[in-house]
Amino acid sequence: MNTYEKRALEALINKKAVDEDIGVILKSFSGELMEELRKEAFRVCESVYGDEVYLRGLIEISSYCSRNCIYCGLRTGIEKAERYRLSEEDIMSSVHYGNSLGLKTFVLQGGEDPMLTDIILENIIGKIKEEYPDSRITLSLGVRSYSSLKRLKEAGADRYLLRHETADEELFSRLHRDGQSLSSRKECLYNLKDLGYTVGTGFLVGAPWSSVDSYLKDIGFMRELKPHMAGIGPFLPHRDTPVGDFSPGSLELTLKLISILRILFPEILLPSTTALNTLDPRGRVLGILHGANVVMPNISPKDARVKYSLYNNKMKDSGEASQYIEKLKKDLEHYGRVPVTDRGDPKNMGVNYGGI
Ligand code: 5AD
Ligand code: SF4
């Protein structure tokens, strides 16, 4: 580690990092820096969340999407993609399965599917809450109007995940050529906060045409928004998209960004994502060793999982959730971390981040 790198790392640890310091860390190839950064992120995570890693049950409720994000295997432009939408019964049976594993958070994720109307979602949310009043429901269904989000909140939804994908305006328009705007994603995220949701944003790492500058903008936006959760994962090419020939995002860069986010936002809930695990079979555990504290086993019906193909090779990650949790327990034991089925609320509801 050279003097610049040392100084940048110290600034980050002392909560004094400016963009230039974070830039130095992101550009560094030093193994020593990477390890110091990891250790600090792991320590910060432990000081806030102890030894617990929260488990969430992920249910992919629809693979229909009216959007055309250039990188995504669910984009509307892929006409040959086989699509599905889970019935209420299918969703409830996934919830029952999750409950049998002790899971208390159910994440309903899907594309921006016009058939997922407020009424349909209100009914499903109501059913889950009626059967499991102590559960938490997270929605991840893209940009929706204020009035829709209000209705879903009133029906019992607790949390919402909506990645901003990139806070770099120019990059956002290269990746989204279908009229989506960064400002409407941001507005939706602020609406979610206003409505009292526990809010998660996030971004892609190594998306085509991205740069260190893009990540500085992502971090800048997160400092403004102060989300409770952030999901970041490497870009993975999907062969039927216009960017199918680009290289995937890097494992090291994703891990570095996880550590940086943990240090900057100590109380944030940070999942170790499926994409990270698809990139590297040890990805999930590496994410946790670098400061992540949430894992989302997939509890969707098996035949649906095949079709929920955001990127290629995702199936590698799709074993039974029960076996998956057992394996994770074993893998983490060695590092003093325990996956728990606690509701796992963030420790930063209504709290300001120190110094940010
Ligand atoms: N590689 C990695 N992540 C992707 N997503 C969509 N397509 C890809 C891809 N090719 C992510 C987006 C989206 C989430 C549901 O999946 O960040 O927010
Ligand atoms: Fe639809 Fe989300 Fe994929 Fe964009 S990233 S095409 S909004 S599922």
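Is Cys69 buried or exposed? Select Cys69: this residue is buried, with a relative accessible area of 10%. Cys65 is buried as well, at 17%. Buried means under 20% relative accessible area, exposed over 50% and partly exposed in between, with a 1.4 Å probe and protein chains only.

Before going on, note that this is a predicted model, in which local features need pLDDT of at least 70, side-chain atom pairs count only at pLDDT 80 or more, and totals for chains, interfaces and linings use all residues. Residues are numbered from 1 along each chain as its sequence is written, chains are lettered from A and ligands numbered from 1 in the order in which they are written, and side-chain values use heavy atoms, with hydrogens and water left out.

Next, select ligand 2. The residues around ligand 2 (a heavy atom within 4 Å) include Cys65, Cys69, Arg67 and Gly111. This shell divides into five nonpolar, one polar and two charged residues. The count of disulfides (cysteine sulfur atoms within 2.5 Å) is zero.

Now move to ligand 1. Among the residues around ligand 1 are Tyr71, Cys72, Pro234 and Phe235. Its shell holds eight nonpolar, no polar and two charged residues.

Then show the polar contacts of ligand 1 (pairs of N or O atoms within 3.5 Å):

- Arg163: a polar side-chain atom lies 2.9 Å from an oxygen atom of ligand 1.
- Glu165: a polar side-chain atom lies 2.5 Å from an oxygen atom of ligand 1.
- Leu236: a polar backbone atom is 2.7 Å from a nitrogen atom of ligand 1.

On its own, ligand 1 has 400 Å² of accessible area (Shrake-Rupley method, 1.4 Å probe), and the protein covers 87% of that.

Terms used. Polar contact = N/O pair within 3.5 Å; in protein donor to acceptor, adjacent residues only side chain to side chain. Nonpolar A, V, L, I, M, F, W, Y, C, P; charged D, E, K, R; others polar.
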